[in-house]
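Here is a friendly walk through one model, to be read with the sequence and the coordinates open beside it. We start with a sheet, then turn to the helices.

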Amino acid sequence: MPELPEVEVVRAGLQEHVAGRTIAEVEVLHPRAIRRHVLGAADFTGRLAGVRIVAARRRGKYLWLELADHSAVLAHLGMSGQMRVQPETAADEKHLRVRMRFDDDGPELRFVDQRTFGGLALADLVESDGTLLPETIAHIARDPMDPAFDPRHGVRALRSRRTEVKRALLDQTLVSGVGNIYADEALWRSRLHWARPADRLTAAQARTLLESATEVMNEALRAGGTSFDALYVNVNGQSGYFDRALDAYGQEGLPCRRCGTPIRRDPFMNRSSFSCPRCQPRPRRTR
């Protein structure tokens, strides 16, 4: 699943190419692409025609187009969703699901999704903590790269949970934007094992963990994100290359770049956690 850096790369591309433009028409080519819009395709396309896109926004891993009528198109990228900006003369992608044309006859915005786990939906904007958010994600916490993020609040939130520190770090209601990849990378940099109880972290350890998460996501953003296949791309179809710099995630059996011990993989929440057995010793007791 795309995490904050990958979503931010897409947001920046949308801001550059579609913000300020007025939608002329929308074509839904696959019903699953708007299944979260419960009023259906006719309502979705009808409400968007003639509406101007104000800006492309993001909170954590969530992306939306803010509209001039005080609503938003919330994009769920899922496992393979792509927001592609293409000239109207470009051939349709094999897995094109939604097409958005504009009144300036410029490039189209296309939602492409091979596995159809993602989708688009209209949502009302509501105020939450001084920010306008789509109503369906108003409960999502600020992310560490948000200018208004309060590190002290993030530290308190992490330390308030009686669960493994990685599980707390992935809780988007505590701190948003961090997913499996960057959680493993931040924990490696902080020398913390994923099963360490979050409520037993010192304030300094929690602060270091959040700083490490921010640092690694900024580095990934500069590299265009982490792309393991052609499904994770920006609006121009280009892949990121931060996977070349990963220290823990996906490195099972390879030597730790810090101490040389082979990286270990453990099952975690139907996924995997990667850590260094020497640099990140497992806690003696876990819940």
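Predicted model: local features only at pLDDT ≥ 70, side-chain atom pairs only at ≥ 80, totals over all residues.

## The four-stranded sheet

Four strands form an open sheet in the order S1-S6-S7-S5, with antiparallel pairing. Its edge strands are S1 (23-28) and S5, each of which pairs on one side only. From one strand to the next, the twist averages 15°. Helices (H or I, at least four residues) and strands (E, at least two) are DSSP runs numbered from the N terminus, and two strands count as paired if DSSP finds at least two bridges between them.

Residues are numbered from 1 along each chain as its sequence is written, and side-chain values use heavy atoms, leaving out hydrogens and water.

How is S5 joined to S7 (residues 108-113)? The two strands pair in the antiparallel sense over six bridges. Arg84 has Arg110 as its bridge partner in S7, and Gln82 stands opposite Val112 of S7.

Six of the six residues of S5 (residues 81-86) are buried, so this strand is largely enclosed by the rest of the structure. Buried means under 20% relative accessible area, exposed means over 50%, and partly exposed lies in between (1.4 Å probe, protein chains only). In a regular strand the side chains alternate between the two faces of the sheet. Both faces of S5 are covered, with Gly81, Met83 and Val85 buried on one side and Gln82, Arg84 and Gln86 buried on the other.

## Helix H2 and Ala41

Helix H2 (residues 41-48) lies across S1 and S6 (96-102), and runs at about 165° to S1. For such angles, axes are lines fitted to C-alpha atoms, for helices over the stretch in contact, and values run from 0 to 180 degrees between N-to-C directions.

Ala41 lies in H2 and is partly exposed, with a relative accessible area of 34%. Leaving aside neighbours within four places in sequence, Ala41 is in contact (heavy atoms within 4.5 Å) with Val28 and Ile34. Pro31 is ten residues from Ala41 along the chain, and their C-alpha atoms are separated by 7.3 Å.

## Helix H5, mostly covered

In helix H5 (residues 180-190), ten of the eleven residues are buried; among them are Tyr182, Leu187 and Trp188. The cover over these buried residues includes helices H1 (4-17), H4 (165-169) and H6 (203-222), along with strands S10 (264-268) and S11 (271-275). Just after H5, Arg191 takes a positive phi of about 60°.
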